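Student: I am new to this structure. Please show me the sequence and the model, and then I will ask my questions.

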Amino acid sequence: MFLDIKELEVRPLEFEEALPPGAIDFGTEVTQRSPLKTTGRAEVVEEHHGKHEVIQDIRLRGKLAADLELQCARCLEPVERKVKRDFELLYRPLGTDAGKDELSVTDAEAEIGYYQGDGILLEDVLREQVLLALPLKVTCREECKGLCPLCGKNLNQEQCSCTVPMDDPRWAALKEIRGRLEH
Ligand SMILES: [Zn+2]
Ligand SMILES: [Zn+2]
């Protein structure tokens, strides 16, 4: 759904959408498992830039919810995550470099972004908001043992028979410590 500044100028837009998986490209590490539900309102806000210029921002307020599947950072198994987020955003025309003291919108709560051309795609906004709501890393459980660095087996499922080679420098350090302890 394209949020067109010229249409928003005429009237604000109330939206309620359920975007099916695939409507938004979340990249390879995030898979959408339910419709992404979103409701909100888009409108134009005018800011005075200096004394003569008026710039038109798009203000977007709303919320979203979706079920996602991510990958455990240690064992790479799928991890389910529900995402819910409220957003309050203000998009300025790209290239507007209003100094902070010149801004007439003093909306401390709003995150500021930029739009190019005639407006913004709601899908782009939602993608960004979903990714912001996700932690950088998820693990399937706190005590996930991950994959063996040598053979790649999932150590939550089976113990492999790999051993760290004895000439590994880490072992040498341990041996030295043990030697000292024994004397
Ligand atoms: Zn895991
Ligand atoms: Zn192994």
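**Questions on the model**

Student: What is the relative accessible area of Leu 13?
Tutor: Leu 13 counts as partly exposed, a class between buried (under 20% relative accessible area) and exposed (over 50%), with a 1.4 Å probe and protein chains only. This is a predicted model, in which local features need pLDDT of at least 70 and side-chain atom pairs count only at pLDDT 80 or more, while totals for chains, interfaces and linings use all residues. Residues are numbered from 1 along each chain as its sequence is written, chains are lettered from A and ligands numbered from 1 in the order in which they are written, and side-chain values use heavy atoms, with hydrogens and water left out. The relative accessible area of Leu 13 is 29%.

Student: How far apart in space are Leu 13 and Glu 43?
Tutor: Leu 13 is in strand 2, residues 13-19; strands (E, at least two residues) and helices (H or I, at least four) are DSSP runs, numbered from the N terminus. In sequence, 30 residues separate Leu 13 from Glu 43. From C-alpha to C-alpha, the distance between Leu 13 and Glu 43 is 6.4 Å.

Student: Which residues does Leu 13 contact, leaving aside its neighbours within four places in sequence?
Tutor: Contact means heavy atoms within 4.5 Å. With those neighbours left out, the partners of Leu 13 are Met 1, Leu 3, Leu 8, Gly 40, Arg 41 and Ala 42.

Student: In what order do the elements of the protein run?
Tutor: The protein has three helices and eight strands. Read from the N terminus, the order is β-α-β-β-β-β-β-β-β-α-α.

Student: What share of the contacts with a separation of 6 or more comes from residues 24 or more positions apart?
Tutor: The protein has 183 residues, and 36% of them count as buried. Among contacts with a separation of 6 or more, the share from residues 24 or more positions apart is 58%.

Student: Which residue has a side chain joined to that of Glu 47 by a polar contact?
Tutor: Glu 47 lies in strand 4 and is buried, at a relative accessible area of 0%. A polar contact is a pair of N or O atoms within 3.5 Å; within protein, one must be able to donate a hydrogen and the other to accept it, and residues adjacent in sequence count only if both atoms are side-chain atoms. At 2.8 Å, the side chain of Glu 47 is joined to that of Arg 92.

Student: How many residues apart are Cys 72 and Cys 140?
Tutor: Cys 72 is buried, at 0% relative accessible area, whereas Cys 140 is partly exposed, at 29%. Cys 72 sits in the loop between strand 5 (53-71) and strand 6 (78-93), and Cys 140 in the loop between helix 2 (122-133) and helix 3 (169-182). The pair links distant parts of the chain, with a separation in residues of 68.

Student: What is the sequence spacing of the donor residues of the zinc ion (ligand 2)?
Tutor: The protein donors here are the SG atoms of Cys 148, Cys 151, Cys 160 and Cys 162, lying 2.3 Å from the zinc ion (ligand 2). Cys 148 is buried at 7%, while Cys 162 is partly exposed at 32%. The spacing of these donor residues is C-x2-C-x8-C-x1-C.

Key: Donors are N, O and S atoms within 2.8 Å of the metal (3.2 Å for Na, K and Ca); water is not among the atoms, so sites may look incomplete.
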